[in-house]
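User: I would like to learn how to read a protein model, one feature at a time. Please give the general idea before each case.

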Amino acid sequence: MIQGQDIICFSNDWDGDPLSKKHIMLRFAKHNRVLWINSIGNRKPTASAYDLKRIAKKLRDFARGHRQVHDRIYVFSPIAVPFFGSSVARWINRRALKFSLRRVCRQLGFQKPIMWSFYPASGNIVGAFGEERIVYHCVDEYSEFTGTDKEAILQLERELMAKCDCVIVSSDRLYETKKPYNKNTFLVTHGVEVSHFRRACDPQTPVPDEMKRLRGPVIGFFGLIADWVDLDLIRFLAQSRPDCNFVLIGKVMTDVKLFEGLGNIHLLGQKTYEELPGYVKAFDIALLPFVMNELTIAANPLKLREYLAAGLPVVSCAIPEAERLEHLIRIGRSRNEFLDHINAILESGHTGPQMRISSQMDSESWDQKVEELSQILTGIHEAAA
């Protein structure tokens with residue numbers, strides 16, 4: 001494990017659900033100091049109430065300055081103009097971010113930091129802080145998200161990769177697309193908080209009342225319900241198995257009107273990370289029903305390993321990183337295959353959390369993944385010395 005370093009991390013907002021970025025930085029913070037930079041955005045804002053509230057929150061957080069949120073972790077919310085296709089906006093962002101981040105670094109005494117960026121939009125500013133090392137950790141094909149300026153994000157990403165000592169990617173597809181822009185590109189797949197999700201296998205873990213009320217098998221999903229989730233597939237499955245309850249846990253960010261009239265589809269909203277093991281304990285089967293496109297083909301969904309750590313049988317779409325786990329899960333390459341797999345699992349009686357499944361994730365812990373990341377960074381540093 002690297003130790004005694006100052007790390008500046010460009011990531012999503014700290015207050016959001018714990019994604020791979022937070023799991024990684026929480027572990028680095030045991031032996032290093034981390035300045036977490038809340039999202040500077042990838043997509044163009046709209047006039048929606050959601051975006052207006054988000055902008056207002058950004059302004060309030062910026063006015064507060066940096067704040068300590070955990071042992072050796074500090075959070076700062078910069079202001080950025082999210083029109084990355086504009087050279088004027090990029091110039092404004094570069095000047096404003098340099099000024100504000102240098103001030104925070106002076107206040108915290110950060111010197112010769114490691115810059116660890118999870119977002120291509122940081123390509124505009126990375127390299128301006130006397131960094132000891134620069135890492136781009138790519139966990140998504142960001143240019144493919146709805147609402148982004150694709151060409152501008154790709155340009156910023158390539159600018160960032162050209163500055164980096166190394167690029168870390170979380171999927172084979174990302175390795176293929178990023179390797180040409182930095183020879184020091186390494187594949188490190190996601191880890192999982194095994195002990196947290198294994199609580200679903202514990203008889204003492206309580207099941208929430210709203211799950212207890214459901215009668216019949218429960219087919220579940222948790223995560224952001226966005227335009228990459230195959231809602232048509234879920235509707236088909238719910239119509240095909242009216243005796244089953246299809247439970248979707250997470251914030252809804254897309255139109256779900258096609259679920260109207262289907263009483264066996266339950267949208268339970270967002271739950272805290274702490275609550276999830278109790279909810280998934282009530283699942284008989286977990287689903288990963290993604291639309292197949294460039295965004296999802298490059299993805300390595302964290303929830304796959306979380307489902308398995310909870311001991312659940314899983315039916316997934318055929319994205320490459322799911323096929324990597326095909327020895328542990330079932331792959332549905334069509335609607336009917338999805339349905340056949342669900343039927344087979346239910347008929348087998350091997351449903352719900354099972355320790356024999358959860359134990360397969362012992363070698364996939366976040367502690368091991370962060371140690372792997374540390375070894376890569378140390379090797380790059382030694383090679384350059």
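Predicted model: local features only at pLDDT ≥ 70, side-chain atom pairs only at ≥ 80, totals over all residues.

User: What is the phi of Arg72?

Analyst: Start with the general idea. Most residues other than glycine have a negative phi, and most peptide bonds are trans. Arg72 is not a glycine, yet its phi is positive, at about 65 degrees. Lys112 is also not a glycine and has a positive phi, of about 45 degrees. Lys112 sits in the loop between H3 and strand S5 (114-117).

User: Is Lys112 buried or exposed?

Analyst: Buried means under 20% relative accessible area, exposed over 50%, and partly exposed in between (1.4 Å probe, protein chains only). Lys112 has a relative accessible area of 52%, so it is exposed. Arg72 has 38% relative accessibility and therefore counts as partly exposed. For the protein, which has 385 residues, 55% count as buried.

User: How many helices and strands are there in the protein?

Analyst: The protein has 15 helices and 14 strands. One of the helices is H3 (residues 87-108), where Ser100 lies. Ser100 has a relative accessible area of 5%, so it is buried. Val104 also lies in helix H3, and it is buried because its relative accessible area is 2%.

User: Which residues is Val104 in contact with, leaving aside its neighbours within four places in sequence?

Analyst: Contact means heavy atoms within 4.5 Å. With those neighbours left aside, Val104 is in contact with Leu35, His66 and Phe76. Val104 and Phe76 are 28 residues apart along the chain, and their C-alpha atoms are separated by 8.1 Å. For Ser100 and Ile79, 21 residues apart along the chain, the C-alpha separation is 8.9 Å. Across the protein, residues 24 or more positions apart account for 71% of the contacts with a separation of 6 or more.

User: Which residues does Ile331 touch, not counting residues up to four places away in sequence?

Analyst: Ile331 touches Ser316, Cys317, Ala318, Ala322, Glu323, Glu326, Glu337 and His341 on that count. It is found in strand S14 (residues 330-331) and is buried, with a relative accessible area of 4%. The C-alpha atoms of Ile331 and Val315 are separated by 5.7 Å, and the two residues are 16 apart along the chain.

User: At roughly what angle do the axes of helix H8 and helix H13 cross?

Analyst: Again, the general idea comes before the case. Two packed helices are described by the angle between their axes and the distance between the axes. Axes are lines fitted to C-alpha atoms, for helices over the stretch in contact, and angles run from 0 to 180 degrees between N-to-C directions. The axes of H8 (residues 231-240) and H13 (residues 335-348) come within 10 Å and cross at roughly 50 degrees. H8 and H13 are therefore oblique to each other. Angles under 35 degrees count as roughly parallel, over 145 as roughly antiparallel, 65 to 115 as roughly perpendicular and the rest as oblique.

User: Which residues make the contact?

Analyst: H8 contributes Asp232, Leu233, Phe236, Leu237 and Ser240, and H13 contributes Arg335, Asn336, Phe338, Leu339 and Ile342.

User: How many residues does the largest nonpolar core have?

Analyst: In soluble globular proteins, nonpolar side chains tend to be buried together. A nonpolar core is a set of buried Ala, Val, Leu, Ile, Met, Phe, Trp, Tyr and Cys residues joined through side-chain atoms within 4.5 Å. The largest one here has 64 residues, and those with the most contacts inside it are Met211, Leu237 and Phe283. H8 gives the most to this core, with six residues. Another core lies apart from it and has 59 residues, among them Ile7, Leu108, Phe110 and Leu377.

Terms used: Residues numbered from 1 in each chain as written. Heavy atoms only, no water. Helix = DSSP H or I, 4+ residues; strand = E, 2+ residues; numbered from the N terminus.
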